[in-house]
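Biologist: I have a new model open and would like to walk through it. Can you show it, and then I'll start with a single residue?

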Amino acid sequence: MIRHLVLFKLNEGVSRDEERVQAALRAFEALEGQIPELTSWEYGWNITDRPIAYDFAINSAVADTDALKRYIEHPAHQAAAALWREFATWVIADYEF
């Protein structure tokens, strides 16, 4: 199994309450039902205010590297990621477990 972690940092001046952020969140919420490769799908807003913390996280799992590639290339994932690109940056870690 592959764990796929993504941590998002909203750009300066961007609020999680903005409609564009909420639309991007809804796009990520919908991925679980659209992408069969996802065997686990969790996401949520950071609840602490530490300066080193990121704002939003996705914690997902897929069966193997081929499934990860299909997930990343899936049109629904690409569309959702494009929305986030407009107002956030992120880091990713993929590891076997």
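Modeller: Here it is; keep in mind that this is a predicted model.

Biologist: Where is His-77 found?

Modeller: His-77 sits in helix H3.

Biologist: Buried or exposed, that His-77?

Modeller: His-77 has 10% relative accessibility, and buried means under 20%, so His-77 counts as buried.

Biologist: Which residues does His-77 touch, not counting those up to four places away in sequence?

Modeller: With those set aside, His-77 touches Leu-31, Ile-35, Tyr-71 and Ile-72.

Biologist: Let's move to the helices. How do the axes of H1 and H3 cross?

Modeller: H3 covers residues 75-85, and the axes of H1 and H3 cross at roughly 165 degrees, coming within 9 Å. Angles over 145 degrees count as roughly antiparallel, so H1 is roughly antiparallel to H3. The crossing of H1 and H3 is left-handed.

Biologist: Which residues of H1 and H3 meet?

Modeller: From H1 there are Ala-23, Ala-24, Leu-25, Ala-27, Phe-28, Leu-31 and Gln-34. They meet Ala-76, His-77, Ala-80, Ala-81, Leu-83 and Trp-84 in H3. By class, this contact of H1 with H3 has 11 nonpolar, 2 polar and no charged residues.

Biologist: Phe-28 is on that list. Why does Phe-28 count as buried?

Modeller: Its relative accessibility is 3%, and the cut-off for buried is under 20%, so Phe-28 counts as buried.

Biologist: And what is Phe-28 in contact with, leaving aside neighbours within four places in sequence?

Modeller: Phe-28 contacts Phe-8, Trp-41, Phe-56, Ile-58, Ala-80, Ala-81 and Trp-84.

Biologist: How many residues apart along the chain are Phe-28 and Ala-76?

Modeller: Phe-28 and Ala-76 are 48 residues apart along the chain, while their C-alpha atoms are separated by 8.7 Å.

Biologist: Next, H2 and H3. At what angle do they pack?

Modeller: H2 and H3 pack at about 55 degrees, and their axes are 5 Å apart. H2 and H3 are therefore oblique to each other. On the H2 side the contact is made by Tyr-71, Ile-72 and Glu-73, and on the H3 side by Pro-75, His-77 and Gln-78. By class, the contact of H2 with H3 has 3 nonpolar, 2 polar and 1 charged residues.

Biologist: Changing topic to the sheet. What is the order of its strands?

Modeller: The sheet is open, has 4 strands in the order E2-E3-E1-E4, and its pairing is antiparallel. Strand E2 (40-45) and strand E4 (88-96) are the edge strands, each pairing on one side only. From one strand to the next, the twist averages 10 degrees.

Biologist: Which helices pack on the sheet?

Modeller: Helix H1, residues 19-34, packs on the sheet and touches E1, E2 and E3. The direction of H1 makes about 160 degrees with that of E2. Helix H2, residues 65-73, also packs on the sheet and touches E1, E2, E3 and E4. The direction of H2 makes about 35 degrees with that of E1.

Biologist: How many bridges are there between E1 and E3?

Modeller: Strand E1 (residues 2-10) and strand E3 (residues 56-62) pair over 7 bridges, in the antiparallel sense. Leu-5 stands opposite Asn-59 in E3, and the bridge partner of Phe-8 in E3 is Phe-56.

Biologist: And how many bridges join E1 to E4?

Modeller: There are 9 bridges joining E1 to E4, and these strands run antiparallel. Lys-9 stands opposite Thr-89 in E4.

How values were computed: Residues numbered from 1 in each chain as written. Predicted model: local features only at pLDDT ≥ 70, side-chain atom pairs only at ≥ 80, totals over all residues. Heavy atoms only, no water. Pairing = 2+ DSSP bridges. Helix = DSSP H or I, 4+ residues; strand = E, 2+ residues; numbered from the N terminus. Axes fitted to C-alpha atoms, helices over the stretch in contact; angles between N-to-C directions. Contact = heavy atoms within 4.5 Å. Parallel < 35°, antiparallel > 145°, perpendicular 65-115°, else oblique. Left-handed = near helix turned anticlockwise from the far one by under 90°. Nonpolar A, V, L, I, M, F, W, Y, C, P; charged D, E, K, R; others polar. Buried < 20%, exposed > 50% of the residue type's maximum accessible area, 1.4 Å probe, protein only.
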